[in-house]
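Me: I am new to this structure and would like to know what stands behind the words used for it. Could you take me through them?

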Amino acid sequence: MAVDLLLGLQWGDEGKGKIVDVLTKNYDIIARFQGGPNAGHTLEFDGIKHVLRTIPSGIFHKDSINVIGNGVVIDPVVFVKELEGLEKYNIDYKKNLIVSRKAHVILPTHRLLDAASEASKGKAKIGSTLKGIGPTYMDKTGRNGIRIGDLELENWQDKYRALADKHEAMISFYNVDVQYDLADLEAEFFEAVETLKTLTFIDSEEYLHQAQKDGKTILAEGAQGSLLDIDFGTYPFVTSSNTTAAGACTGLGVPPNKVKDVFGIFKAYTTRVGSGPFPTELFDEDGEKMARIGNEFGAVTGRPRRCGWLDLVALRYAVQVNGVTQLIMMKADVLSGFEKLKVCTAYNYKGKTIHHLPYNIEAENVTPIFTEMKGWYADLTKMSEASQLPKTLNDYIDFLEKELEVPIKIVSVGPDRKQTIHRD
């Protein structure tokens, strides 16, 4: 059996959690392949809003197995709080949540290092969520990290102590004011590790290989978005992992020839959290309206998201890099009430018109070229069939499909799992 991938195509926050939840009924296994607890996948159903950070978004379906892959970095403290949040819904996570031994562990000192590093940058900060994710991936590539499998060893705390001591020396090197009580942080950490160890640890690449041989259906779930990819994103304002399709292969041990469908998720407009270039960003009433109606605040951090018109240059780039086979458009309902919409179809790059994403998209090099379209006023949130969508929205969708050369199969018209329209 092949593996399908589900990815964000912008700067994250596209609504991946909802769509994984919607699609889970079609899959036996949901596998998260990268990122850490800075990701906030929001799901809403039965009038209740759920925010997941590390746990795959299929956890609310009792028949699905949820795998945290080797490409993920796990903060035991945050993770255990997530588990505690599931208990009131009578979810048997010890049965349907399993963790790769090769996933790396975020230590308390990783979070402190993150804060010290960001503070030292001053105005040049990259907008880290301060969850310790960057320093954890640095230890991973530096071959110093502690992995989930190490927690099964008797002497793992010796390894922990050596790494934490190294981190404290690095924190002092930054020469910034970071106040902390490591003893308190460690007490909470070690207690959380003991809870984490009650879950099943697996050799996930072997597990998924056998699952495919047994005919199981697998959906690989990404975090953040393609424009935050460490290699292909707007570097250095990116995350520390591969958020693109290639990351599913390295983050789960799935060979490229086993990947079938790649579901690419995007908003009907564009948002970005934190620092970094954003060619179509709006600083006017339209941008404020998008943010207000779309409730554009980070699910984990609460940070306000910057808003702008849809950028097809960046979106086309993400479609190409990921090999997207089907598109899913989120938050179409947020654009209801705009008399006119704009879509960026090209850039003026240093005086030339280009249609691809260049190396540098900072404002001094790039000016967006817009195509203007008619908006729609209908309340989409009550609609359930594609035939109910207003003509101007269908015109918008048709235009995007023509530009991107990939079909838009799902249109989301609200946060609830029921507010999802499937298109033929």
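Reply: Gladly; what follows is a set of questions about terms, each answered with its definition.

Reply: This is a predicted model, where local features need pLDDT of at least 70 and side-chain atom pairs count only at pLDDT 80 or more, while totals for chains, interfaces and linings use all residues. Residues are numbered from 1 along each chain as its sequence is written, and side-chain values use heavy atoms, with hydrogens and water left out.

Me: Why is Pro-304 called exposed?

Reply: Exposed means over 50% relative accessible area, buried means under 20%, and partly exposed is in between (1.4 Å probe, protein chains only). Pro-304 has a relative accessible area of 56%, so it counts as exposed. It sits in the loop between α10 (285–293) and β13 (306–308); helices (H or I, at least four residues) and strands (E, at least two) are DSSP runs, numbered from the N terminus. UniProt, in an unreviewed entry, lists Pro-304 under "binding site", together with Ala-299, Val-300, Thr-301, Gly-302, Arg-303 and Arg-305. Such positions are given in the numbering used here, with feature names shortened, and annotations may be inferred rather than shown by experiment.

Me: And what makes Lys-140 partly exposed?

Reply: Its relative accessible area is 29%, so Lys-140 is partly exposed. Lys-140 lies in helix α5 (residues 133–141), whose buried residues are Ile-133, Gly-134, Pro-135, Thr-136, Tyr-137 and Asp-139. Those buried residues pack against β6 (73–74), β8 (104–105), α4 (108–121) and α6 (156–174). The unreviewed UniProt entry places "active site" at Lys-140, and also at Asp-13 and His-41.

Me: Which residues is Lys-140 in contact with, leaving aside its neighbours within four places in sequence?

Reply: With contact meaning heavy atoms within 4.5 Å, they are Asn-70, Gly-71 and His-104. For Pro-304, with neighbours within four places in sequence again left aside, they are Glu-296 and Phe-297.

Me: Why is helix α1 (residues 16–23) described as largely enclosed by the rest of the structure?

Reply: Because eight of its eight residues are buried. Lys-16, Lys-18 and Asp-21 are among them, as are Ile-19 and Val-20.

Me: What makes a space a cavity rather than a pocket?

Reply: On a 1 Å grid over the protein atoms alone, a cavity is a set of points where a 1.4 Å probe fits but cannot get out, whereas a pocket is an open set with protein on both sides within 12 Å along at least five of seven lines; lining residues have an atom within 4 Å of a point. Grid points are joined across faces, edges and corners, and a volume is the space filled by probe spheres set on the points. By this rule there is one cavity of 30 Å³ or more. Its lining is formed by Gln-10, Trp-11, Leu-227, Thr-270, Asp-311, Ala-314 and Leu-315.

Me: How many residues line the second largest pocket?

Reply: The second largest pocket holds about 320 Å³ of space. Of its 15 lining residues, the closest to its centre are Gly-233, Thr-234, Tyr-235, Tyr-359 and Asn-360.

Me: Which domains contribute to that lining?

Reply: At least three residues come from each of domain 1 (3–101 + 201–263) and domain 3 (266–422), and these bounds come from an automatic or database domain assignment. The centres of domain 1 and domain 3, taken over C-alpha atoms, are 24 Å apart. Their contact takes 38 residues from domain 1 and 43 residues from domain 3.
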